[in-house]
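Student: I have a model on screen and some labels to question. Can we go through them one at a time?

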Amino acid sequence: MKVFLTNTLAKWLKSIKVFGAFRFKMFYWFYRISGWHIRHREWDFVLDYLPPLAKWQTVTVLDVGCSRNLFCHELARRGYQVSGIDLEPYQDKFPGDFMLADIRQTWLCERDFVTCISVLEHIETGKEKALENMIKSLKIGGRLLLTIP
């Protein structure tokens, strides 16, 4: 019964026509309260490693595999300059620069952070090349924040 109710509520939430940071928060709290998905734990892990910003700071983040993800909206809300890369077009208006490309063949230089949340396990061939390009995308001293379920 709990699974049925949770799935029904998730479908209803997905049908609501709100986007951006509010939609991220809505799903974040739904996942956290219902225990339906582990995604909120991955988001918490990444957000714990991203420093709080002062208004004068410019910190860049590359979000890999972000086309079906709302995490970029939370990053933008927190003041980060967000770039995204994915094989599929973004589902909504991206809050920064979006590149329709393959991380195995492309990298974007000089980012402070690269986030890759539950994406690596979907890359069937060329995981090593994808990781190499994520690392190439970092500034010296930058951090790769990678999660897999």
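Student: What makes β4 and β5 a pair?
Tutor: Six bridges join them, and they run parallel. Two strands pair if DSSP finds at least two bridges between them, so six is enough. Within this pairing, Thr115 stands opposite Leu145 in β5. Strands of a sheet pair through backbone hydrogen bonds, either parallel or antiparallel.

Student: What should I know about the model and the numbering?
Tutor: The model is predicted: local features need pLDDT of at least 70, side-chain atom pairs count only at pLDDT 80 or more, and totals for chains, interfaces and linings use all residues. Residues are numbered from 1 along each chain as its sequence is written, and side-chain values use heavy atoms, with hydrogens and water left out.

Student: Which strands are called edge strands?
Tutor: The open sheet has five strands in the order β3-β2-β1-β4-β5, with parallel pairing. β3 (97-100) and β5 (138-147) are its edges, as each pairs on one side only. From one strand to the next, the twist averages 20 degrees.

Student: How many bridges hold β1 to β2?
Tutor: Five, in the parallel sense; β2 spans residues 81-86. Asp63 stands opposite Gly84 in β2.

Student: Why is β1 called largely enclosed?
Tutor: Because five of its five residues are buried. Buried means under 20% relative accessible area, exposed means over 50%, and partly exposed lies in between (1.4 Å probe, protein chains only). Both faces are covered: Thr60, Leu62 and Val64 are buried on one side, Val61 and Asp63 on the other. Across the 149 residues of the protein chain, 44% count as buried.

Student: Is Glu42 buried or exposed?
Tutor: Its relative accessibility is 6%, which is under 20%, so Glu42 counts as buried. Glu42 lies in helix α3.

Student: What makes the link between Glu42 and Ser118 a polar contact?
Tutor: The two side chains meet at 2.5 Å. The limit is 3.5 Å between N or O atoms; within protein, one must be able to donate a hydrogen and the other to accept it, and residues adjacent in sequence count only if both atoms are side-chain atoms. Glu42 also touches Ile117, Thr147, Ile148 and Pro149, leaving out residues up to four places away in sequence. Contact there means heavy atoms within 4.5 Å.

Student: What makes a group of residues a nonpolar core?
Tutor: Its members are buried Ala, Val, Leu, Ile, Met, Phe, Trp, Tyr and Cys residues joined through side-chain atoms within 4.5 Å. The largest has 18 residues, and those with the most contacts inside it are Leu50, Phe71, Leu75 and Tyr80. α3 (39-49), α4 (71-77) and β4 (111-117) each supply at least two of its residues. A second, separate core of 14 residues includes Leu62, Cys116, Val119 and Leu138.

Student: How many disulfides are there?
Tutor: A disulfide is a pair of cysteine sulfur atoms within 2.5 Å. By that rule the count is zero. Cys72 is in none: the nearest cysteine sulfur, that of Cys66, is 5.7 Å away. Cys72 is buried, at a relative accessible area of 0%.

Note on methods: Helix = DSSP H or I, 4+ residues; strand = E, 2+ residues; numbered from the N terminus. Axes fitted to C-alpha atoms, helices over the stretch in contact; angles between N-to-C directions.
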